[in-house]
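Q: Please take a close look at one part of this model, and go through its charged side chains with care.

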Amino acid sequence: MNLLQSLLVFFIKPIISLLILLIFVEVILSWLVAFNVVNLRNPFMAQVYTAVRTIVRPILDPIRRVIPAIGGLDLSPIIALLGLQWLGSYLVPALFTALG
């Protein structure tokens, strides 16, 4: 295993997995805030919500510009999750074999 393959395995794959997890957390938190289960006046929850949105927003905003919400339903997290899954499942292994 050379250096570039090691970078793919040890850095890129976990980053993709972390982004997938953060998108799920952002979706669930947005539902909890919308249904008033989580109050953003709580400083800790406001910090967590802001941090997650700051990380996830650069991924979801370009998708939101292209695909608008349909009937109030935001489809950008689904498309982002599919894209990240594709990156992790197909592109990273293809790069791994191409670099080897």
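A: Helices, as named here, are DSSP runs (H or I, at least four residues) numbered from the N terminus. Asp 61 and Arg 64 both lie in one of these, helix α2, where they are three residues apart, about one turn of the helix. This is a predicted model, in which local features need pLDDT of at least 70 and side-chain atom pairs count only at pLDDT 80 or more, while totals for chains, interfaces and linings use all residues. Residues are numbered from 1 along each chain as its sequence is written, and side-chain values use heavy atoms, with hydrogens and water left out.

The side chains of Asp 61 and Arg 64 meet in a salt bridge, N to O at 3.4 Å, where the term stands for a side-chain nitrogen of Lys or Arg within 4 Å of a carboxyl oxygen of Asp or Glu. Arg 64 also meets Asp 74 in a salt bridge, N to O at 2.8 Å, and this pair links distant parts of the chain, since Arg 64 is in helix α2 whereas Asp 74, 10 residues apart from it, is in the loop between α2 and α3 (76–99). A search of the whole structure finds two salt bridges, and Asp 61, Arg 64 and Asp 74 are linked in a network of them.

Conventions:
Helices (H or I, at least four residues) and strands (E, at least two) are DSSP runs, numbered from the N terminus.
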